[in-house]
Amino acid sequence: MIRFPTLGWLALRNLGRELRRSALTAAAMTVGLALLILSRTLADGAHEDWIDSGVRLASGHVSFNAPGYRDSESLDDRLDAGQLEASLGAAALAPLTEPSITTVRVATRGLASSADGALPALIVGVDPASELAFSRLGAEPATGRYLQEGDRLHAFIGAGMATRLGLRTGSRMVLTAQVASGDIAGQLVRVVGTYRTGLDDLDEALVHIPLSVARSWLGVEGATSVSMVLPHSAFTDPVLAEARATLEGAGIEVAGWPETARELYSAVRIDDAGDWVFHLILFAIVTLAILNAVFMSVLHRKRELGLLRSLGLSGAETGLVVFVEGVLLTIASGLLGVALGFALVWAFFRNGLDLTDIMPADITFGGIVFNPVMYPSIELTHLVQSVALTTVIGLSASLYPAWHAARLDPAESVKVE
Amino acid sequence: MNEHAVRTEDLWKIYPQEPRPVEAVRGVDLVVAPGEFVVMAGPSGSGKTTVLNLLGGLTRPSRGKVWIEGREISALPDKALAQVRLSRIGFVFQSYNLLPVLTALENAEFTLLLQGVPVTERRRRVRRLFREIGLEGLEDRRPPRLSGGEQQRVAVARAVLGEPALVLADEPTANLDSATADALLDVMEQLNRDNGTTFVFSTHDPRVMERASRLVRLVDGRVAEETVSGDAG
C-alpha cells in the first residue's frame, strides 16, 4: 500500500528546504498562469468588442429574414406582416436575463445622388429609437443629428458620402431604387446629420431613412429583417435555438452572427488561434523551465533518494515523492496564478489596456474598426482552460523527474561521491 | 526463531563493462547467525560494499541467492523487496545518512513511521533509545547542527528502532575521529548485546575488526579467510 500521507509530508518538507528553488519554480508557473489569464481575458474582451461593434453595424447577433434574403438582398425575399409579427414575438421570447435590443429594418441597394454626382448606396429604413440603441451610429453624429420620431423625408448619411456628393446638413439628395413592384422609383430626402465609423466603404454607402418612408416609397408592409443585439455573444446559440424552435414551419430563417458576419467570425477565429499558438509557445518555455528545475533537484538529491530506497520506499513511492512535490507546487502556483491573474484583470477593468500610442488610428479588421483600448472580459470556459493548461504543464513537467527518481539504482545512489 | 539471520549461496555480482565484465563478487557463501557481530574486511575493491548491498537487497545478484531469516529475497519484485528492507533490514552508511529536511527525532522514527507505528509509540521508543545512546536533548536538531558522531548515532538509532533481523553498516566509522568512532561502536555493541540485534559491517578500520565476533576477509570478491573471535588469539 502506498503511504500517501507520509510521502506528502516528506514532499512538503523537501519543498520547504529548497525554498528559493521552489519559489522560483512556482513563480514561473504563477506568472505564466497570471499572464495567460490576463492575455485571455483581454483577448476575450477585444473579441467581444469586435463582435459587438461588427454586429451592431450589420445584422445583430441574431437576425430573422425570409428564406433567400441573405443571398439575394432583394425586396422580393422579405418578411410579410405576419412573419414580421412572428419574428418580433420570437425575439421577445428569447431566454435572456438581461435586456436585448430588437430593431426592424427595410433595406435595399440603390443609388444616392446629388448635384455633384451619384454613389451606390445601401438604403435602410429604420425605427429611429430602436436603431439608435442598436447601431449607435447616431449616438455621436459627426454633424447634425440622428433621425427622430416624426421625421419624414430625412436621411442620416455617412461623412464619406457627404464629402463625395458635396452634401451638408440640410442638403437635399435623391435616393433611387427598385421598389417592390419592380419599378425604379426615386425619393427626395434631406440630410439631418452625418456619421463617421472609420470604415470607408460604410461611410460612403450606408443611408438611414425613417422606416415609414422606406415602406411607403418601396411599397412594402413587412420588413427585410428583424435583428437582435444580445447582452453578450455567448447568448447567441441559446437564443438561436429557442427562436428556431418557436418559428419552426413559419418560413422564417433565423441566423446567428457567425453566419451573417462571416468575415468577422473568421477574423475572431484567426485571432483566437493566433493567441493560442502564442500561449502554447509561452507555456512550452515555462514547461522546460519547470522541468529543468525539478529535474536538477532530483539529480541534486540522488543520495537522499537512494537513502529513501534503503529505508524501505519502493521505486514507485520514491518517484511519487518527487511527483507530489510537483503537484504541491502546481496547486500553490495555480492558486497564486489565479489570484495574480485576477488582480491584473481588475487593474485593467476600469480603464482598459490603452494601445493608442503604439497602434495607428483607424485600423480596420474583419469589417470593424479596431478599438485600441482593450478591456478584459472573463469567460469561465477560457479561465478553466487556462487553469487546466497550467495544471497539465505543472504535472507533466514533474513526470519525467519522478520517473527518473523511481528508476534510480539505490546501490549506485547511496555511494559516497 | 530462524536459524540464520542471513545466508548466501554462491553469490555473484558481475557488472557488464567493456572490454571485460567486472566480477565484483565471486561466489560468496556466507551464513550469519542471529545476534552475531560480523565484520567484513578487505582492501578497496574487494567487494565488501557490494556484498552488503546484495544482502540488503539494494542490488540484485547476477547469480546465487540471498536469504533473510529464511526468506529468499534475490528474486523478489521491487515492492516486496522494499517491504523486506523496511521491516527486516537496517542500514548505516559511511556518511549522508540522514534526511536533511527532518530533525534528529524525525529521522530516527522514519522507519517506524513507514511501518505504521502510532506516533506516541514512535516517540516513546525514540526518546528511550536516544537516552541510552547519548542523544537526549538533540531531538529537534536538523542534521547540519549535529556532529558527525551524533549523525551516525541517529542513523544507528533509525536502523535498530524498526527491530530488524540485521543491521548492515557500510564503513560507519570512516569519517569519524577515534574517540567518536569508539563511542559509536560502543553503542552498536551495546545494542547487539542488549537487544540481540545482528550487525554486519564492511570496514577496513582495525577498531571495528577488533570488536567483531567473526571477521570475514574478502579479497577480489571472494571470502579469503574467516576468523571467529578468540581464534585469532
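Which residue forms a salt bridge with B:R217, and how far apart are the closest N and O atoms? The partner is B:E225, and the closest N and O atoms are 3.7 Å apart; a salt bridge here is a side-chain nitrogen of Lys or Arg within 4 Å of a carboxyl oxygen of Asp or Glu. The model is predicted, so local features need pLDDT of at least 70 and side-chain atom pairs count only at pLDDT 80 or more, while totals for chains, interfaces and linings use all residues. Residues are numbered from 1 along each chain as its sequence is written, chains are lettered from A and ligands numbered from 1 in the order in which they are written, and side-chain values use heavy atoms, with hydrogens and water left out.

**The pair in chain B**

- B:R217 is partly exposed, with a relative accessible area of 33%; buried means under 20% relative accessible area, exposed over 50%, and partly exposed in between (1.4 Å probe, protein chains only).
- B:E225 also counts as partly exposed, at 40% relative accessibility.

**The contact between chain A and chain B**

- Chain A brings 25 residues to the contact and chain B brings 27 residues, where contact means heavy atoms within 4.5 Å.
- About 2400 Å² is buried between the two chains, and carbon and sulfur atoms give 65% of this area; buried area is the accessible area (1.4 Å probe) that two parts lose on being put together, summed over both.
- Of the area that chain A buries against chain B, 25% is supplied by A:R13, A:L307 and A:L311, more than by any other three residues.
- Two salt bridges are counted between chain A and chain B.
- A salt bridge joins the side chains of A:R13 and B:E106, at 2.7 Å from N to O.
- On the side of chain A that touches chain B, at least two residues each come from α1 (4–17), α12 (302–310), α13 (315–349) and α15 (410–413) of chain A; helices (H or I, at least four residues) and strands (E, at least two) are DSSP runs, numbered from the N terminus.
- That side of chain A has twelve nonpolar, six polar and seven charged residues; Ala, Val, Leu, Ile, Met, Phe, Trp, Tyr, Cys and Pro count as nonpolar, Asp, Glu, Lys and Arg as charged, and the others, Gly among them, as polar.

**The two domains of chain A**

- Chain A is assigned domain 1 (4–54 + 265–413) and domain 2 (59–260), with bounds that come from an automatic or database domain assignment.
- The C-alpha centres of these two domains of chain A lie 47 Å apart.
- Ten residues of domain 1 of chain A are in contact with ten residues of domain 2 of chain A.
- The two domains of chain A bury about 860 Å² between them, with 63% of it on carbon and sulfur atoms.
- A:E48, A:I51 and A:Y265 supply 50% of the area that domain 1 of chain A buries against domain 2 of chain A, more than any other three residues.
- One salt bridge is counted between domain 1 and domain 2 of chain A.
- A:D52 and A:R136 form a salt bridge in which the closest N and O atoms are 3.6 Å apart.

**Salt bridges in chain A and overall**

- Over all chains, the structure holds 32 salt bridges.
- A:E304 forms a salt bridge with A:R17, with the closest N and O atoms 2.9 Å apart.
- Because A:E304 lies in helix α12 of chain A and A:R17 in helix α1 of chain A, the pair ties together parts that are 287 residues apart in sequence.
- A:E304 is buried at a relative accessible area of 13%, whereas A:R17 is partly exposed at 29%.
- The side chains of A:R301 and A:E325 meet in a salt bridge of 2.9 Å, N to O.
- This pair links distant parts of the chain, 24 residues apart: A:R301 is in the loop between α11 (262–300) and α12 of chain A, and A:E325 is in helix α13 of chain A.
- A:R301 counts as buried at 5% relative accessibility, and A:E325 is buried with a relative accessible area of 6%.
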